[in-house]
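Hello,

Here is the structure I promised to pass on to you. Have a look at it first, and then read on for my notes.

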Amino acid sequence: MKAVKIILKLLAVIASLFAVTFTIYWFNADMKLIRTVYEKLQPHYDNLEKDRKL
């Protein structure tokens, strides 16, 4: 009986993690977050003094 409860809890955790990661994938949330971070950091890197020109 204890093993069944443990297995059910494990399956619930796996299903929850799958639902969360699938939602992140479906809405492309990881790339949206990276784009926001990139846009916040870009002005900093644009203002750095360059030691050579391309």
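**Salt bridge**

The count of salt bridges comes to 1. Please keep in mind as you read that this is a predicted model. The salt bridge joins the side chains of Glu39 and Arg35, with 3.1 Å from N to O. Both residues belong to helix α2, which covers residues 29–46, and they sit 4 residues apart, or about one turn of the helix. How open are the two partners to the surface? Arg35 has a relative accessible area of 57%, so it is exposed. Glu39 has a relative accessible area of 45%, so it is partly exposed.

The structure holds 3 aromatic pairs. Phe18 and Phe22 make a stacked pair, because their ring centres are 5.9 Å apart and their planes are at 20°, and under 30 degrees counts as stacked. Both of these residues lie in helix α1, 4 residues apart, which is about one turn of the helix. Phe18 is exposed, with a relative accessible area of 55%, whereas Phe22 counts as partly exposed at 38% relative accessibility.

Phe22 also pairs with Tyr25: the ring centres are 6.1 Å apart and the planes are at 45°, so this pair is tilted. Phe22 and Tyr25 are about one helical turn from each other, because they are 3 residues apart in helix α1. Is Tyr25 buried or exposed? At 62% relative accessibility, Tyr25 counts as exposed. Taken together, ring pairs link Phe18, Phe22, Tyr25 and Trp26 into a cluster.

**A nonpolar patch**

If you colour the surface by residue type, look for the patch made by Val4, Ile7, Leu8, Leu10, Leu11 and Ile14. This nonpolar surface patch has an area of about 580 Å². Leu10, one of its members, is found in helix α1. With 51% relative accessibility, Leu10 counts as exposed, since the cut-off for exposed is over 50%.

Lys9 lies in helix α1 and is exposed, with a relative accessible area of 60%.

Does the length of α1 agree or disagree with its residue count? The 25 residues of α1 should span 36 Å at 1.5 Å a residue, and the end C-alpha atoms are 36 Å apart, so the two agree. Helix α2 has 18 residues and reaches 26 Å from its first C-alpha to its last, close to the 26 Å expected. Even so, α2 bends by about 30° at Lys40. A proline, Pro43, follows within four residues of that bend.

Between α1 and α2 there is a loop, and Asn28 is located in it. For context, most residues other than glycine have a negative phi. Asn28 counts as partly exposed, at 40% relative accessibility.

**Some distances across the chain**

Finally, here are a few separations you can check in your viewer. How far apart are the C-alpha atoms of Lys9 and Pro43? They are separated by 47 Å, and the two residues are 34 residues apart along the chain.

Happy browsing, and do write back with any questions.

Best wishes

Note on methods: Residues are numbered from 1 along each chain as its sequence is written. This is a predicted model: local features need pLDDT of at least 70, side-chain atom pairs count only at pLDDT 80 or more; totals for chains, interfaces and linings use all residues. Side-chain values use heavy atoms; hydrogens and water are left out. Patches are made of residues with over 30% relative accessible area and no salt bridge: like charges are joined within 9 Å, nonpolar side chains (Val, Leu, Ile, Met, Phe, Trp, Tyr) within 5 Å. Accessible areas come from the Shrake-Rupley method with a 1.4 Å probe; for residues, only the protein chains shown count as cover. A salt bridge is a side-chain nitrogen of Lys or Arg within 4 Å of a carboxyl oxygen of Asp or Glu. Helices (H or I, at least four residues) and strands (E, at least two) are DSSP runs, numbered from the N terminus. Buried means under 20% relative accessible area, exposed over 50%, partly exposed in between (1.4 Å probe, protein chains only). Rings of Phe, Tyr and Trp (its six-membered ring) pair if their centres lie within 6.5 Å; planes under 30 degrees apart count as stacked, over 60 as edge-to-face and the rest as tilted. The expected span of a helix is 1.5 Å times one less than its number of residues. The bend at a residue is the angle between axes fitted to the seven residues ending there and the seven starting there.
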